[in-house]
Amino acid sequence: MITFYPGPSKVYDEVGRYLHEAFESGVISANHRSTAFMQMLEDAIRNLKTKLNVPDDYEVYFVSSATECWEIIAENLISDASLHIYNGAFGEKWMEYTQKLTGSARSCFFEANEEPDLNAVTKLAANEIICLTHNETSNGTALTSEFLNTLRAQCENIIAVDATSSMAGVVLPWDSADVWYGSVQKCFGLPAGMGVMIVSPKAVERAIAVGNRSHYNSLLFIRDNFLKFQTPYTPNTLGIYLMGRVMKQVLPIETVAEQTHKRAQDWYKFLPENGYRLLVENEAVRSETVVAVKDSKERIVAIKKAALQAGIVLGNGYGKDKEVSFRIANFPAITDSEIRTLKDFLVSFSSK
Ligand SMILES: *Cc1c(COP(=O)(O)O)cnc(C)c1O
């Protein structure tokens, strides 16, 4: 079975070997306050920062999931309000989670085929946080670096970005936001069970000003521990080991992103040429890591079923277009030969 599900998704082929290495090394039996663990955590963070080109002064924390980051942000960084700019299901969920916790989440919805309207971002309160979804996994759209850079230049507010299905697959404009987060089961090509949170010095300052030390998700408490290469609770040691190992293996993000870009261009050309309709019409806002295809409900059911029979898992639709779309992950761990298999299947299905 090969999978194109956009999360949990295909893990790097080498993960099998690394699992065995982790066992052999003994580190997965080590105490999380031991030197062996701390060294391993330090290596994992260093490898990640090096390969993804994260600015030196941004800090990296491993948490449980991207969903947990919604809570961490709400409890530690939002003192007044938050403005959620989104066009799909994940951005909306983030807003809803935040609204339940803070009661002060504002929505700014935009259409899937459009870029968000920067004019909507002018009436911000001084401490309001801007929340964006870099790659909207539900509908296969993405924000451009130009948009993020322009937004950054236009206001002083803290910007938090959900990059769950793009981090480690494309180049992110780190300096254009203060909080970036994702989870490992997407472009990282790792088994599910961990979130990655990357924060700027300005976000740390805000967390200090807010001063939350009373929750499990206290960012200050998480940070105190990570500064010592420890974690507040007994962590996912195996997940951290695999992160360090995979980040050591992968090529620098510029190279990985080049491949993601080429493969995405190729999908966006191949699909319409072979009778498939793309969910996102505006090329400028198409995601490079999640490709969404639109069709009738009946045909979507038929394609997914035939794919399964051919040993291929396609991603279900998600959110509003759940029934009338399927999604193809364009994540780095997927091999050229797997892509060829899917293309052959799609060609033969459409010619029926
Ligand atoms: C997958 C996903 C999430 C949720 O990730 P979890 O690891 O399940 O918490 C959040 N946001 C986006 C954009 C996603 O793609």
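Lys10 counts as buried, at 11% relative accessibility. In this predicted model, the side chain of Lys10 meets that of Asp13 in a salt bridge, with 3.0 Å from N to O.

**Salt bridges across the chain**

Side chains of opposite charge can pair when their charged atoms come close. The whole structure holds 16 salt bridges, and here are some of them:

| Salt bridge | N to O distance |
|---|---|
| Asp13 and Lys10 | 3.0 Å |
| Glu128 and Arg106 | 2.9 Å |
| Asp178 and Arg152 | 2.8 Å |

Let's look at Glu128 and Arg106, which form a salt bridge. This pair links distant parts of the chain, 22 residues apart: Arg106 sits in strand 4 (105-109), while Glu128 is in the loop between strand 4 and strand 5 (129-133). Glu128 is buried, with a relative accessible area of 3%, whereas Arg106 is partly exposed at 35%.

Asp178 counts as buried, at 1% relative accessibility.

**A sheet and its helix**

Further along, four strands make an open antiparallel sheet, in the order 11-12-15-14. Strand 11 (277-278) and strand 14 (315-316) are at the edges, each pairing on one side only. Helix 9 (residues 253-273) packs on this sheet, where it touches strand 11, strand 12 and strand 15 (325-329), and its direction makes about 15° with that of strand 12. Two bridges join strand 11 to strand 12 (residues 290-294), and Arg277 has Lys294 of strand 12 as its bridge partner.

Beyond its neighbours within four places in sequence, Ala264 is in contact with Glu288 and Asn330. The C-alpha atoms of Ala264 and Ser287 are 8.1 Å apart, although 23 residues separate the two along the chain.

Finally, Leu19, Phe23, Ile28 and Leu238 make a nonpolar surface patch of about 340 Å². Leu238 belongs to helix 8 (residues 237-249) and is partly exposed, with a relative accessible area of 31%.

Technical notes: Residues numbered from 1 in each chain as written. Predicted model: local features only at pLDDT ≥ 70, side-chain atom pairs only at ≥ 80, totals over all residues. Heavy atoms only, no water. Pairing = 2+ DSSP bridges. Contact = heavy atoms within 4.5 Å. Axes fitted to C-alpha atoms, helices over the stretch in contact; angles between N-to-C directions. Patch = residues over 30% accessible without salt bridge, like charges linked within 9 Å, V, L, I, M, F, W, Y side chains within 5 Å. Areas by Shrake-Rupley, 256 points an atom, 1.4 Å probe, with all protein chains shown as cover. Salt bridge = Lys/Arg side-chain N within 4 Å of Asp/Glu carboxyl O. Buried < 20%, exposed > 50% of the residue type's maximum accessible area, 1.4 Å probe, protein only.
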